[in-house]
Structures are given as C-alpha cells and as structure tokens.
Amino acid sequence: MILDSIQNAERYTALGEGFAKGLRFAQKAAAENYPDGHYEIDGEQVFANIATNTMQPLENCRYEIHEKYADIQCIVSGAERIDYTGSAGSSLAEDRRPANDIAFLVEKEAVCKAVLSAGEFALYFPFEPHKPAIAANGSAGKVKKIVVKVRCD
C-alpha cells in the first residue's frame with residue numbers, strides 16, 4: 001500500500017511501465033476534472049474508471065482484494081476513508097474471481113484507516129485487502145474518484 005499526493009506521482013513510475021502510465025493518467029485526469037466514465041489507457045493492461053458516488057457507513061462496506069490488478073484510487077473531489085488490513089489469516093466471504101477479479105473478505109480489524117481528500121491517492125497491490133467507500137468523518141457526502149487498474153500478473 002502507498003498513500004501520497006498525486007502531485008508526487010513521478011516518484012512511483014519506477015514500479016513499472018503500467019504504473020507509470022496509470023499514475024500519469026490519474027494526475028492529468030484529476031487536474032483536468034475528466035467526466036465520469038471508462039478510459040482505456042493501455043488496453044486490458046491499464047484502464048481507469050471515473051465515478052461519483054455517495055460514501056457509505058462503515059458497516060455497509062467490505063474488505064476486497066484483487067488477484068490480477070493493482071488499484072490506484074485517486075480522489076478528485078470530496079473525502080473518503082479507506083481501511084487497510086493485513087492479508088494473513090484472511091478468509092473469503094464472497095469470491096467473484098476470475099470473472100471480475102474481486103473477492104470480499106470476512107471482516108477483520110483495520111491496520112490503517114486513511115482519509116483521502118482531493119489530490120491524494122492510495123495504491124493497493126494485488127492481494128492487499130482494502131475497504132473503500134467509507135464515509136469520512138461520518139459524512140456520507142459524494143466523492144469523485146479515479147480508479148486506475150494496472151495488470152500485475
């Protein structure tokens with residue numbers, strides 16, 4: 001897991017070409033406030049979804065993992081809490097792999113509770129459990145977010 005400002009995206013381009021493309025896209029899309037939608041960056045290797053959603057109470061959110069793709073989650077507007085936990089001892093509550101590259105975990109204690117606001121991003125590698133879409137500070141406001149998917153297998 002990496003948490004940082006999207007202004008610092010260049011620091012992480014050494015992670016590989018896919019991450020470099022994804023981070024540059026997120027940086028540009030956030031700065032220029034791209035509309036909601038699906039964006040192909042490099043075919044199925046790197047793509048992004050931009051959406052505006054209402055954040056949810058903690059009890060309505062679930063830990064998720066991905067097997068093939070890393071997530072770069074960049075906040076364009078609003079604030080969102082994303083929890084993170086270790087993968088050791090995690091058991092699946094619902095498995096939607098391989099068709100959708102997502103599985104949900106049985107609830108665990110959070111190791112990190114991060115509140116991200118406009119201009120900040122979190123990067124989650126495959127198999128790193130994260131629980132997005134949590135209302136920050138109890139406020140169920142709307143958040144516009146870019147989620148870049150970078151294929152890692």
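**Core, sheet and pocket of the predicted model**

Not counting residues up to four places away in sequence, Ile 146 touches Phe 25, Ala 26, Ala 29, Ala 30, Ala 48, Asn 49, Ile 50, Ile 72, Gln 73, Cys 74 and Val 76, where contact means heavy atoms within 4.5 Å. The model is a predicted one, in which local features need pLDDT of at least 70 and side-chain atom pairs count only at pLDDT 80 or more, while totals for chains, interfaces and linings use all residues. Residues are numbered from 1 along each chain as its sequence is written, and side-chain values use heavy atoms, with hydrogens and water left out.

Ile 146 also belongs to the largest nonpolar core, which has 24 residues; Phe 25, Ile 72, Phe 121, Ile 146 and Val 148 are those with the most contacts inside it. A nonpolar core here is a set of buried Ala, Val, Leu, Ile, Met, Phe, Trp, Tyr and Cys residues joined through side-chain atoms within 4.5 Å; buried means under 20% relative accessible area, exposed over 50%, and partly exposed in between (1.4 Å probe, protein chains only). Two or more residues of this core come from each of helix H1 (17-32), strand E3 (46-54), strand E5 (69-77), strand E10 (120-124) and strand E12 (142-151). Helices (H or I, at least four residues) and strands (E, at least two) are DSSP runs, numbered from the N terminus. H1 provides the largest share of the core, six residues. Apart from this core lies another, of 11 residues, including Ile 82, Tyr 84, Ala 114 and Tyr 124.

Phe 121, in strand E10, counts as buried because its relative accessibility is 1%. Leaving out residues up to four places away in sequence, Phe 121 touches Ile 2, Leu 3, Asp 4, Ser 5, Ile 6, Tyr 12, Leu 23, Ile 72, Gln 73, Cys 74 and Leu 116.

Six strands form an open sheet in the order E1-E10-E5-E12-E3-E2, with antiparallel pairing; two strands pair if DSSP finds at least two bridges between them. Strand E1 (2-5) and strand E2 (37-42) are the edge strands, each pairing on one side only. From one strand to the next, the twist averages 20°. Within the sheet, nine bridges join E3 and E12 in the antiparallel sense, and Ile 50 has Ile 146 as its bridge partner in E12. H1 packs on the sheet and touches E2, E3, E5, E10 and E12, its direction making about 160° with that of E12. Axes are lines fitted to C-alpha atoms, for helices over the stretch in contact, and angles run from 0 to 180 degrees between N-to-C directions. Glu 32 also lies in H1 and is partly exposed, at 48% relative accessibility. The C-alpha atoms of Glu 32 and Ser 77 are separated by 12 Å, the two residues being 45 apart along the chain.

The largest pocket has a volume of about 440 Å³. On a 1 Å grid over the protein atoms alone, a pocket is an open set of points where a 1.4 Å probe fits, with protein on both sides within 12 Å along at least five of seven lines, and lining residues have an atom within 4 Å of a point. Grid points are joined across faces, edges and corners, and a volume is the space filled by probe spheres set on the points. Of the 23 residues lining the largest pocket, Glu 64, Gln 73, Pro 132, Lys 145 and Val 147 lie nearest its centre. At least two lining residues come from each of E3, E5, strand E11 (130-135) and E12, with E3 giving the most, five residues. E11 is largely enclosed by the rest of the structure, because five of its six residues are buried. Four bridges join E11 to strand E6 (residues 79-84) in an antiparallel run, and the partner of Glu 80 in E11 is Ala 135.

Some loop residues also deserve a look. Most residues other than glycine have a negative phi. Asp 101, however, has a positive phi near 50°; this residue sits in the loop between strand E7 (92-95) and strand E8 (103-105) and is buried, with a relative accessible area of 7%. Phe 127, in the loop between E10 and E11, likewise has a positive phi, of about 70°, and is partly exposed at 38%.
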